[in-house]
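Q: I would like to go through this model with you. Could we take it topic by topic?
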Amino acid sequence: MKRIALLSLVLVAACSKKPAPEGSVAASGKVSIVADGDGFHPSSLSVKKGAPLTLEFKRTSDQTCATAVVFPDLKIEKNLPLNEAVAVEIPTDAARTLTFQCGMGMYQSKIVVQ
Ligand SMILES: [Cu+2]
């Protein structure tokens with residue numbers, strides 16, 4: 001029990017960090033996204049409508065609550081095992097902004113399809 005309480009504290013601490021400001025990265029094809037204690041990097045992507053886009057997530061730290069990635073608009077949720085690449089294919093058929101985040105809804109990140 002004590003261990004679980006301690007783990008929760010670590011998770012809350014990790015989540016309260018503000019993600020570093022980053023510019024939008026123009027993307028297409030396969031793009032690597034790193035999940036660490038500061039969130040997802042890059043955390044903002046833009047892609048041309050109709051261009052193929054696959055995000056390959058890799059979690060590189062245990063000091064993060066980003067142990068899963070959630071795409072609320074796409075109803076996709078994937079677990080992110082430590083140091084394992086997890087690919088998510090992104091539909092780019094419509095111009096819209098898709099968000100992705102950790103399982104707790106923090107580390108808000110986005111893909112702008114334009
Ligand atoms: Cu979180």
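Q: Among contacts in the protein chain between residues at least 6 apart in sequence, what percentage join residues at least 24 apart?
A: The figure is 55% for this chain. Please note that the model is a predicted one.

Q: What does the secondary structure of the protein chain come to?
A: There are 1 helix and 10 strands. Along the sequence the pattern reads α-β-β-β-β-β-β-β-β-β-β.

Q: And how many of the residues are buried, as a percentage?
A: Of the 114 residues in the protein chain, 39% are buried. The accessible surface comes to about 6500 Å², and carbon and sulfur atoms hold 56% of that surface.

Q: Turning to the open sheet, what is the order of its strands?
A: The sheet has 4 strands in the order E3-E2-E5-E8, and the pairing is mixed. Strand E3 (39-41) and strand E8 (86-90) are at the edges; each has a single partner strand, so one side of each lacks a neighbour in the sheet. From one strand to the next, the twist averages 30 degrees.

Q: Which sense do E2 and E5 pair in, parallel or antiparallel?
A: Strand E2 (residues 29-36) and strand E5 (residues 53-59) are parallel, with 7 bridges between them. Within this pairing, Ile33 stands opposite Phe57 in E5.

Q: What holds strands of a sheet together in general?
A: Strands of a sheet pair through backbone hydrogen bonds, in either a parallel or an antiparallel arrangement.

Q: What about E6 and E7, parallel or antiparallel?
A: Strand E6 (residues 68-71) and strand E7 (residues 76-79) pair in the antiparallel sense over 4 bridges. One of the bridge pairs is Phe71 with Ile76 in E7. The two strands form a hairpin with 4 residues between them, and Lys75 in the turn has a positive phi of about 55 degrees.

Q: Is Ala87 buried or partly exposed?
A: Ala87 is partly exposed, because its relative accessible area is 40%.

Q: Which residues have the most contacts inside the largest nonpolar core?
A: They are Phe40, Leu55, Phe57, Phe71, Ile90, Phe100 and Ile111, in a core of 26 residues. The elements giving two or more residues to this core are E2, E4, E5, E6, E8, strand E9 (96-100) and strand E10 (109-113).

Q: Changing topic, how many salt bridges does the structure hold?
A: It holds 2 salt bridges. In one of them, Glu56 pairs with Lys30, with the closest N and O atoms 3.3 Å apart. Glu56 lies in strand E5 and Lys30 in strand E2, so this pair ties together parts that are 26 residues apart in sequence. Glu56 is partly exposed at 24% relative accessibility, whereas Lys30 is exposed at 58%.

Q: What does Asp62 form a salt bridge with?
A: The partner of Asp62 is Arg59, and their closest N and O atoms are 3.0 Å apart. Asp62 is exposed at 51% relative accessibility, while Arg59 is buried at 7%.

Q: Now the backbone: where is the cis peptide bond?
A: The cis peptide bond joins His41 and Pro42, with omega about -10 degrees. Pro42 lies in the loop between E3 and E4.

Q: What is the phi of Asn83?
A: Phi of Asn83 is near 60 degrees, a positive value in a residue other than glycine. Asn83 sits in the loop between E7 and E8 and is partly exposed, with a relative accessible area of 48%.

Q: And Tyr107, buried or exposed?
A: Tyr107 is buried, with a relative accessible area of 5%. This residue is in the loop between E9 and E10, and Tyr107 has a positive phi of about 50 degrees without being a glycine.

Q: Why do these backbone values draw attention?
A: They do so because most residues other than glycine have a negative phi, and most peptide bonds are trans.

Terms used: Residues numbered from 1 in each chain as written. Predicted model: local features only at pLDDT ≥ 70, side-chain atom pairs only at ≥ 80, totals over all residues. Heavy atoms only, no water. Pairing = 2+ DSSP bridges. Axes fitted to C-alpha atoms, helices over the stretch in contact; angles between N-to-C directions. Buried < 20%, exposed > 50% of the residue type's maximum accessible area, 1.4 Å probe, protein only. Contact = heavy atoms within 4.5 Å. Areas by Shrake-Rupley, 256 points an atom, 1.4 Å probe, with all protein chains shown as cover. Core = buried A, V, L, I, M, F, W, Y, C linked by side-chain atoms within 4.5 Å. Salt bridge = Lys/Arg side-chain N within 4 Å of Asp/Glu carboxyl O.
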